[in-house]
Amino acid sequence: MRSPGVESLKTFNATAGRYMPRSSQEGIGNLPAELTSFVGRRSETSVVKRHLTRSRLVTLTGMGGVGKTRLALHVAAGLRQQYRHGIWLVRLDEVRDETLMPQTVAAALGLWDLRGRSPVPVLTEHLAERRTLLVLDNCEHLIDAAAKLAETLLAAAPDLRIVATSREALDIAGETVLVVPPLPTPDPDRPGAYHELARYPAITLFVQRAAATAPSFSLREADQAPVVEICHRLDGLPLAIELAAAWLPVLSPGQIRDRLRDRLRLLSRGRRGAPDRQQTLRACLAWSFDLCTRLEQRLWARLSVFVGGFTLETVESVCAFGDLAAGDMLGLVSSLLDKSVLVREPFPDAVQYRMLESVRAFGLDRLRETGEFATLRRRHRDWYEQMTTRGQQDWDSPRHQSWLDRLDRELPDLRAALEFSVMDAAEASAALRIGACLHSYWVARGMNEEGRHWLGRALAQPTGPSPERVRAAYTADILAAMQGDIDAARDWMRHARQTAAQLDDPLSHGIALLAGGAPELHSGNAAAAVPHVERALAVLQDHDDFWTLMALAGLAMLKAILGDTAGALLIHRRILAMTEPRGEVRLRSQSVWAVGVGLWMQGEPGRAAESVTQSLELRNKHRLSDTYGAALCLDVLAWVSAHDGRAERAATLLGAVAALSRTMGAPTGTYPGLLHHHQECERQAREALDEARFQAAFARGGRMTIEEATAFVIAGTAPGEEGGGGAPDDAEGPALTRRERQICELITEGLSNRQIADRLVISQRTAESHVQNSLMKLGFTNRSQVAAWMATRQRRP
């Protein structure tokens with residue numbers, strides 16, 4: 001189990017299951033900032049850095065609480081300039097199933113597998129030509145899987161380096177194993193003068209952390225002997241020292257020493273065969289536990305049911321029963337936070353708390369002793385079932401992205417809830433409900449393989465026919481189809497329909513009908529998918545808005561792929577009417593893309609580019625983390641660029657699409673029914689450019705992040721692209737956005753607001769807003785003034 005120093009977990013500010021790159025100014029990667037001072041370890045830091053120049057795998061071993069994680073992160077932070085493709089932290093302490101380890105590493109790198117490929121080849125391809133450093137943190141409980149994956153990645157990627165932390169070595173060829181020792185402590189029989197004590201990192205750590213919890217604390221001469229004895233008895237273990245220092249607000253150093261001495265004597269007999277220091281750490285935790293009040297102890301034990309972070313609201317719902325009331329939770333959580341039993345993790349929309357792994361492990365032992373373990377696991381599961389149900393209700397609202405972010409953070413506990421539920425047929429219905437509610441999350445994040453893993457286990461339990469079983473089978477069908485596993489998708493489609501046939505539930509019947517569209521779409525037979533979706537829509541539109549929107553979005557996409565632009569536009573207007581009032585963006589942007597594809601199919605590349613760019617702008621404005629959707633947009637814009645003779649731009653976009661596709665593990669960035677447009681675009685670009693220019697532009701696009709590729713499209717130029725740059729507006733007059741310039745051009749053509757809406761594939765209300773904004777920015781009061789101003793601009797030399 002994982003037990004780094006308190007300060008190491010305080011620095012973690014990454015979401016569970018998924019890590020986002022830092023800005024280009026700070027370097028590529030996801031290393032958390034060091035929020036507390038790093039004490040000592042100068043020699044160890046130098047040794048690790050030196051060995052990384054000689055060995056491609058350095059494993060830091062040592063007992064829990066010795067500071068392996070903090071040392072690894074500190075070393076990595078000092079090497080940012082040496083790894084131009086990034087330094088990436090992969091936290092493995094929250095992964096219990098070794099089959100999910102490759103998926104976890106891929107997620108940390110931002111790689112999402114959507115096309116039936118396992119994460120391992122996706123990782124090897126991604127890392128093959130990159131100079132990257134991976135920090136694999138806490139491998140001990142997944143030691144075989146960690147060793148196998150590390151060996152595979154190192155063999156495939158010659159410029160890859162790995163720093164691993166583990167209780168034991170990975171034991172593979174080429175590994176350098178470094179034991180992380182405790183912090184040096186002085187001999188309590190000869191503590192020396194005060195200025196000599198400052199040379200000992202253990203003393204420095206105690207003093208710094210004591211001052212953080214009790215600002216008035218300073219190491220007076222009278223405190224020297226107690227502090228030296230505390231650090232010595234705790235064997236220089238950072239975690240133990242910090243737990244002791246946390247009591248300075250209520251106990252003097254002498255009192256801490258006295259209580260610690262008694263407690264350690266009482267617990268001197270630990271688990272047979274365990275190292276002395278491990279027994280000391282357990283004794284320190286037991287000592288800290290005993291210093292808590294009875295209610296604090298009870299909450300400590302109950303909180304250990306959480307695998308990852310948790311909010312106060314979650315604590316009140318899961319842990320408040322019996323002798324712990326909901327009204328007590330704030331005070332108790334605050335107290336445990338002050339005593340370093342909990343770690344605070346702030347996020348933009350919430351504050352979460354987390355237990356250090358060793359602290360959690362100790363609490364789990366206490367929880368099992370109380371007999372409440374099974375009760376807490378069920379309450380924990382029930383809370384996450386309720387949370388995912390609420391989240392699904394918000395998918396078609398402005399809160400869509402915030403829910404995605406929250407589910408990222410909650411993923412370790414969602415996995416724990418699913419694991420609890422799939423183990424027993426009596427609990428499996430809850431797993432079906434959770435899995436079905438996570439449909440949009442798994443799709444958005446590209447976690448198709450994991451979604452299928454949990455749904456397959458849940459559906460294997462004999463729960464009997466139910467609406468949740470239909471939804472779970474539908475989700476399994478979609479995920480399998482997106483991975484190209486068409487046979488499995490059709491099996492789940494049949495299962496959904498057979499189950500729905502046993503229910504008197506029209507909504508389940510409609511969802512089962514909708515399941516028939518995905519296998520046909522992803523096998524390249526869009527025409528065969530249409531009847532499935534149309535029959536589903538006929539049922540769903542009378543029962544549920546969310547599922548109606550899902551069906552409409554799918555039908556718009558199918559119509560566009562088949563070249564029925566009028567049909568796609570008609571459906572798009574229905575989607576706009578439903579989504580704009582509620583602020584939904586994801587399905588709206590998908591629908592706008594579909595209209596753009598339809599316009600391309602009917603030979604209107606200019607209007608197609610406008611629609612697809614609008615889709616990309618919607619995603620960008622609302623921070624939609626949808627790599628697949630962005631790739632679809634960039635691909636269509638590449639087709640238009642090649643058609644317009646902008647071969648270098650087309651090649652750049654194709655490079656960006658290829659990079660995003662590799663990130664997702666997908667063969668291409670488009671649907672099978674549109675693949676020939678992608679291929680024709682590449683052919684045209686290659687014919688127009690010599691090989692060197694094509695490869696240079698393609699490589700430039702391949703180096704772009706999704707944000708850079710989006711900015712490249714919206715700005716219209718990029719460094720190195722033919723045609724140069726240029727300001728978006730004339731030097732004179734107000735600066736208009738690209739959309740405002742479009743509006744002015746359409747006003748000059750004499751179009752009404754309704755006609756402008758149709759041309760730009762937006763609602764009339766949105767068009768009216770754009771027109772009004774343009775008039776206000778220009779200082780005009782009517783359309784004639786806009787037309788005259790545009791004519792003047794066009795006459796300028």
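R366 is buried (under 20% relative accessible area, with over 50% called exposed and anything in between partly exposed, using a 1.4 Å probe and protein chains only), and its own relative accessible area is 12%. This is a predicted model, where local features need pLDDT of at least 70, side-chain atom pairs count only at pLDDT 80 or more, and totals for chains, interfaces and linings use all residues. Residues are numbered from 1 along each chain as its sequence is written, and side-chain values use heavy atoms, leaving out hydrogens and water.

**The chain overall**
- The protein chain has 39 helices and seven strands, taken as DSSP runs numbered from the N terminus (helices are H or I, at least four residues; strands are E, at least two).
- Of its 797 residues, 59% are buried.

- R366 sits in helix α16 (residues 357-370).
- Skipping neighbours within four places in sequence, R366 is in contact (heavy atoms within 4.5 Å) with R282, F289 and A301.
- S774, in helix α38 (residues 764-778), is buried too, at a relative accessible area of 1%.
- Not counting residues up to four places away in sequence, S774 touches E740, I743 and C744.
- S774 and R739 are 35 residues apart in sequence, yet 9.3 Å apart in space, C-alpha to C-alpha.

**Nonpolar cores**
- A nonpolar core here is a set of buried Ala, Val, Leu, Ile, Met, Phe, Trp, Tyr and Cys residues joined through side-chain atoms within 4.5 Å.
- The largest one holds 182 residues, and L299, L303 and W593 touch the most other members.
- Helix α27 (residues 545-561) gives the most to this core, with 13 residues.
- A separate core of 49 residues lies apart from it, with L60, Y83, L178 and V180 among its members.
- Beyond residues up to four places away in sequence, W593 touches M557, V612, S615, L632, C633, V636, Y671 and L674.

**Where α17 meets α19**
- The axes of helix α17 (residues 373-393) and helix α19 (residues 428-437) come within 9 Å and cross at roughly 35° (lines fitted to C-alpha atoms, for helices over the stretch in contact, with angles from 0 to 180 degrees between N-to-C directions).
- On the α17 side, R381, E385, T388, T389 and Q392 make the contact, and on the α19 side A430, R433, I434, A436 and C437 do.
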